[in-house]
Amino acid sequence: FKQYKDLIQPIRKAIRDFHDVNGITKQALIVKAEQQLVVEDITQAIDSIKKLQQQWRDIGFAGSHQESKLWQKFRAINDQVFAKRDQIKSEQHAELEELAEGFKHNLTNIKAAIENTDKSSSNKILLNNAKDQAGELLSQVLSNKPVLKSVASAIEAFIKQTSEQIEEIKNEEESKSWQSLFSLLEKMAQDEFDTSAANILNEPEYHELTSFWQKRLSEQSELTLQANSSERIEKTLALEIFAKVDSPAELSKQRMTVQVSLMQEQMQSSTNIDIVQSFVDWLRLGKLTADDLALLVRIKKIFI
């Protein structure tokens, strides 16, 4: 037995030395882990802790007399670092929630300013203001990191909805303006209607027009010479061709002639077709008469 004990003594010493080295190495990892408790950048601290965990697994057994104690100490430090991360996350979440509530409150106030607005020109100004304010609010949300996606989505949806309302009002205004314009033009084409500028200014439809068309009507009221009927008919066909609107069946041959002529002009010119300007040119051909009423009805279909 004595001989046996003497023989295993070097083996026991080698094992103790092995355990001691592992214990010292793990103790060094514990020191490094403790250092992460004071690191301000919690993400950096967590990354370091995870690397230390991997190193711990790569180190061998430190002996039954110290392995458990070392592990409990190392694990406790790990738990503290992760708890610190969770606390920071919780605080950040609370801050984000508070910030989100502030943004939502601002959006609610913007919405309240245009609540129950109808489709009138005056309300278009309110809608545009609300859209601009929402745009500024969205910029603030997007500049905040991390981005509050739910809040940003709500603001974007509001901006889209408001833009659609503005566009709808704009389309209705344009439609109403065109209706008023053709109503006045038809009146001016009637022989019994006083086409003087002063009389036109008194017409209620005149105030529904944009300043552009008010000026065009003033120009029309000053014309004294009638237009060449053939030229005005051709210009009407040209407008229908530009707008891809059907012309009277009996004018199909004449329309084809005009269309060929327009194609040749387009081949020689690189300018884009401006159908509104073409209509202005049509008006400038001369004073409107009763003969032009039928042409106005055809042109009206292009714009309304």
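Buried means under 20% relative accessible area, exposed over 50%, and partly exposed in between (1.4 Å probe, protein chains only). The model is predicted: local features need pLDDT of at least 70, side-chain atom pairs count only at pLDDT 80 or more, and totals for chains, interfaces and linings use all residues. Residues are numbered from 1 along each chain as its sequence is written, and side-chain values use heavy atoms, with hydrogens and water left out.

**Exercise 1.** Decide whether R298 is buried or exposed, and find its partners.

*Solution.* 
- Step 1: Locate R298. It lies in helix α11, residues 293–303. Helices here are DSSP runs (H or I, at least four residues), numbered from the N terminus.
- Step 2: Apply the cut-off. R298 has a relative accessible area of 14%, so it is buried.
- Step 3: List the contacts (heavy atoms within 4.5 Å). Leaving out residues up to four places away in sequence, R298 touches T236, L237, E240, S247, P248 and L251.
- Step 4: Look for a polar contact. This is a pair of N or O atoms within 3.5 Å; within protein, one must be able to donate a hydrogen and the other to accept it, and residues adjacent in sequence count only if both atoms are side-chain atoms. The side chains of R298 and E240 are joined by one of 2.9 Å.

**Exercise 2.** Classify how α8 and α11 are arranged.

*Solution.* 
- Step 1: Take the angle between axes, which are lines fitted to C-alpha atoms over the stretch in contact; angles run from 0 to 180 degrees between N-to-C directions. Helix α8 (residues 229–243) packs on α11 at about 15°, with the axes 10 Å apart.
- Step 2: Compare with the classes: under 35 degrees is roughly parallel, over 145 roughly antiparallel, 65 to 115 roughly perpendicular, the rest oblique. Therefore α8 and α11 are roughly parallel.
- Step 3: Name the residues. R232, I233, T236, L237, L239, E240 and A243 of α8 meet L295, R298, I299 and I302 of α11.

**Exercise 3.** Describe the backbone at P146 and K244.

*Solution.* 
- Step 1: Most residues other than glycine have a negative phi, and most peptide bonds are trans.
- Step 2: The bond from K145 to P146 is cis, with omega near 0°. P146 sits in the loop between α4 (121–143) and α5.
- Step 3: K244 has a positive phi, near 60°. K244 is exposed, with a relative accessible area of 76%.

Note on methods. Helix = DSSP H or I, 4+ residues; strand = E, 2+ residues; numbered from the N terminus.
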